[in-house]
Amino acid sequence: MSAIAIKYNDEIVDLVTAEERGISGEDIILDNSPESLDVLRHSTAHLMAQAIKSLYPDAKFYVGPTVKEGFYYDFKTESEIGSGDLKKIEKQMLSFAKKKYKIEKYSISMDEAKEKFKDDHLKLAVMDRIPDDTVSIYKQGEFEDLCRGPHLPSIGLIRYFKLTKLAGAYLGGDSKNEVLTRIYGIAFADKESLKAHMEMLAEAEKRDHRKIGNEMKLFTFREEVGAGFPIWLPAGGRLRARLESLLFKAHRKRGYQPVRGPEMLKSELWKTSGHYQNYGENMYFTTIDDVEFGVKPMNCVGHIKVYEDELHSYRDLPIKYFEYGVVHRHEFTGALHGLFRVREFTQDDAHIFCTVDQIEEQIIEVVDFVDKLMTAFDFKYKMMISTKPEKAVGDAQIWEKSEAALINAMKANNLDYEIDEGGGAFYGPKIDIKILDAIGREWQCGTIQLDNNLPARFELEYNGEDNEKIQPVMIHRAILGSFERFIGILTEHYAGEFPMFIAPTQVAIVPVAEVHKDYAKLLSDKLIDINADSEIYAKNDSLNKRIRIAEKTRVPMIVVIGDEEIENKTVAIRDRRTREQYTLSEEEFLVLIQTKINEVNF
């Protein structure tokens, strides 16, 4: 099979550019490898733009990059385009692909490009982001656009693609700018992979946590409250509380101490930490008594203040603090998405203060914690270790020990991991936790981050064996990432069919008639005593309708209470998970529920 591009010094270069620069490298063929798909999808984005331009001649284009979920193009046209038009655009794309236009490239000076596109404000906006004196333009048939590539040799190689959704997007991602139309798409090297992906998207749509969250009454968003600020309804509140309770116990068993920092701190502290200078645009600020305060976007500064509250000896270390810390971040409106991207969220945040020699054992313990938690939720997961970047602060020897500790922790737990060379933060290496859900999607969740920067900025210290002052290492650690995002992922992972130990309601109690309500309430109270939640469905509806309503909330177990159950002190059970119906004594039923909700510990 012929090459579509080459890999040269870790750079993907199309064949036109390789010939232009007189270089050679490892051949990239048309398959479903990440390198190949990036080239294929980039060219498919241009093919989509070509089709749009032919159907809507006034269309002007901004950028059309590849992204994790495929590709997109931002453009503007006076015509109204709806989701129903995607099929028409796809048909035009296929028509062009059959013509097998060669993809050509030429370069012009920036001044020439500005003159060429002087009547296209979107192209001028693109060029404002390009620092070079020359720009490259890729051409296929009558269509051409500014682009750095890489691209396929011909659009005739593009066959298996699908336009997936249409959305609005602010120019340059800035909410102060005009709104453009954005169309997303996906492309693969073969028909089977495209079909499998579309089936996965269809399944993902069924599992959408926003849809299921509404059906199960877990959470809601209200315009009058504000975009990006979720409201947790009773069922969602119970689910959160159950997850928080399980994690609280797990942290305490591992020696973590619960703490809580304020949600606002003086801006001077954020200047000391560096957040003010480097993260300020993502923060909210207010003034109290003529003093500026910053609403916290993360919990680390508060935990540093806890550490500073008393003097520490090497004998005290490691010191571990944890907090379900509410944080606020200024996200663009266009980036908000259900529970996955919000402006207020709660981190399962922890910070470990330790010696350099304790790093490895602490990382091993955290990785074991991750393993137990992810295994409990039936997630497959992998770890990505990011190492020292070119620009880094701190002692080189500490960096070396820190990176070795992360790798040794992976090996000690027989875990697969990948290395992202140079991908660490300037202040320390890190481990990113990536999980795979039930339909094969990858999610970035928690992070384990080593930090030598904040301890230095705040001049943290402990007394060594010879009473010398030594700076501790600080480990930032969030396993879920945030309760909001993790619950969103869990909802889609289980399609709302939460296992008993985490379900917002374990049991739905359906009394047949009014005279059966007292026993239903008695049973509900006994369930609360064993830490199980129930809901009584006793509205003035038919028995069958109340059972259907209970089933719609995906409650794991439904019990029906009638004359026979009251007389015999039994419960008639409908188990949604096993699809079985059976009768147990009240005592047997309570033991069963207690066993099921206690079967998981992290």
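The model is predicted, so local features need pLDDT of at least 70 and side-chain atom pairs count only at pLDDT 80 or more, whereas totals for chains, interfaces and linings use all residues. Residues are numbered from 1 along each chain as its sequence is written, and side-chain values use heavy atoms, with hydrogens and water left out.

**Helix packing**

- Helices (H or I, at least four residues) and strands (E, at least two) are DSSP runs numbered from the N terminus.
- Axes are lines fitted to C-alpha atoms, for helices over the stretch in contact, and angles run from 0 to 180 degrees between N-to-C directions.
- Helix H2 (residues 34-55) packs against helix H3 (residues 86-98) at about 110 degrees, the axes being 8 Å apart.
- H2 and H3 are therefore roughly perpendicular to each other (65 to 115 degrees; under 35 is roughly parallel, over 145 roughly antiparallel and the rest oblique).
- In contact (heavy atoms within 4.5 Å), H2 contributes residues including Leu-47, Met-48, Ala-51 and Leu-55, and H3 contributes residues including Ile-89, Met-93 and Phe-96.
- By class, this contact of H2 with H3 has nine nonpolar, four polar and one charged residues (Ala, Val, Leu, Ile, Met, Phe, Trp, Tyr, Cys and Pro count as nonpolar, Asp, Glu, Lys and Arg as charged, and the others, Gly among them, as polar).
- The axes of helix H8 (residues 234-253) and helix H15 (residues 483-494) come within 11 Å and cross at roughly 110 degrees; H8 and H15 are therefore also roughly perpendicular to each other.
- Leu-239, Arg-240, Leu-243, Glu-244 and Leu-247 of H8 meet Phe-483, Glu-484, Phe-486 and Ile-487 of H15, a contact with six nonpolar, no polar and three charged residues.

**Sheet**

- Three strands form an open sheet in the order E15-E17-E16, with antiparallel pairing (strands pair if DSSP finds at least two bridges between them).
- Strands E15 (264-266) and E16 (284-288) stand at the edges with a single partner strand each, so one side of each lacks a neighbour in the sheet.
- The twist averages 35 degrees from one strand to the next.
- E15 pairs with strand E17 (residues 291-295) over three bridges in the antiparallel sense, and Met-264 stands opposite Val-295 in E17.

**Cavity**

- On a 1 Å grid over the protein atoms alone, a cavity is a set of points where a 1.4 Å probe fits but cannot get out, and lining residues have an atom within 4 Å of a point.
- Grid points are joined across faces, edges and corners, and a volume is the space filled by probe spheres set on the points.
- The count is one cavity of 30 Å³ or more, and the largest cavity holds about 40 Å³.
- Leu-246, Lys-249, Ala-250, Lys-253, Val-600, Asn-601 and Phe-602 line the largest cavity, giving four nonpolar, one polar and two charged residues.

How values were computed: On a 1 Å grid over the protein atoms alone, a cavity is a set of points where a 1.4 Å probe fits but cannot get out, and a pocket is an open set with protein on both sides within 12 Å along at least five of seven lines; lining residues have an atom within 4 Å of a point.
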